[in-house]
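Trainee: Could we go through this chain together? I would like to begin with the overall picture and then turn to individual residues.

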Amino acid sequence: MSKSKCSNSRPDIVNSMKRYSMSKRSQSAIEFVIFVAFLLFSFTILFLVIQGNMYDKIKERQIFAVKNVAITVQDEINLAFQSSEGYSREFKIPEKINGDNYDIVLTDGLVYVNTTDGKYAIALPVKNVVGGIQKNTNIIKKEDGEIILN
């Protein structure tokens, strides 16, 4: 009888060990899936943060470029105003700002620069001038006390 009890308990132990082994593998698989999901979530958050920072840098660069064009025109007009009679100078305004189209207008004592998509704009005060500003080459003169553009 004792032999039969041993032989019966042995398959129970083997089955128990198989179940334990299967349970351990299942747990490992679940832990692996959780770990991969955590890594995927972490990389997604990191990507979103980096993309947000890049957008901010691009926006700052565009604002600076629009402002720089307006300041260039303002400085040229101020220089001509402070110069002596007969002053003449050629200066250039870019066709595009960082690859974007823009408009530039002199009106009511302001130089107004804005991108055509309307996202960026600036208006700076300038002395009254005769004529208008254009993209590319401009000629500014001081004749008879007036500032003449183009």
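Mentor: What follows is a discussion of a predicted model, beginning with the whole chain.

Trainee: What does the secondary structure of the chain come to?

Mentor: It comes to one helix and seven strands. Along the sequence, the pattern reads α-β-β-β-β-β-β-β.

Trainee: And how many of the 150 residues are buried, as a percentage?

Mentor: Buried residues account for 21% of the 150 in the chain. The chain exposes about 11,000 Å², and carbon and sulfur atoms supply 59% of that area.

Trainee: What share of the contacts with a separation of 6 or more comes from residues 24 or more positions apart?

Mentor: That share is 54%.

Trainee: Let us turn to E146. Where is it found?

Mentor: E146 belongs to strand β7, which covers residues 146-149. Leaving aside neighbours within four places in sequence, E146 is in contact with V130 and K141.

Trainee: Which residues form the negative surface patch?

Mentor: The patch is formed by E85, E143, D144 and E146.

Trainee: Where is the place of D144, then?

Mentor: D144 is in the loop between β6 (136-143) and β7. With a relative accessible area of 74%, D144 is exposed. Its phi is near 55°, a positive value in a residue other than glycine.

Trainee: Which loop holds D108, and what is its phi?

Mentor: D108 is found in the loop between β2 (102-107) and β3. Although D108 is not a glycine, it has a positive phi of about 50°. D108 counts as exposed, at 75% relative accessibility.

Trainee: Which residues is N114 in contact with, leaving aside its neighbours within four places in sequence?

Mentor: N114 is in contact with Y102, D103, Y120 and A121.

Terms used
Residues are numbered from 1 along each chain as its sequence is written. This is a predicted model: local features need pLDDT of at least 70, side-chain atom pairs count only at pLDDT 80 or more; totals for chains, interfaces and linings use all residues. Side-chain values use heavy atoms; hydrogens and water are left out. Helices (H or I, at least four residues) and strands (E, at least two) are DSSP runs, numbered from the N terminus. Contact means heavy atoms within 4.5 Å. Patches are made of residues with over 30% relative accessible area and no salt bridge: like charges are joined within 9 Å, nonpolar side chains (Val, Leu, Ile, Met, Phe, Trp, Tyr) within 5 Å. Accessible areas come from the Shrake-Rupley method with a 1.4 Å probe; for residues, only the protein chains shown count as cover. A salt bridge is a side-chain nitrogen of Lys or Arg within 4 Å of a carboxyl oxygen of Asp or Glu. Lys and Arg count as positive and Asp and Glu as negative; His and the chain ends are not counted. The place of a charge is taken as NZ of Lys, CZ of Arg, CG of Asp or CD of Glu. Buried means under 20% relative accessible area, exposed over 50%, partly exposed in between (1.4 Å probe, protein chains only).
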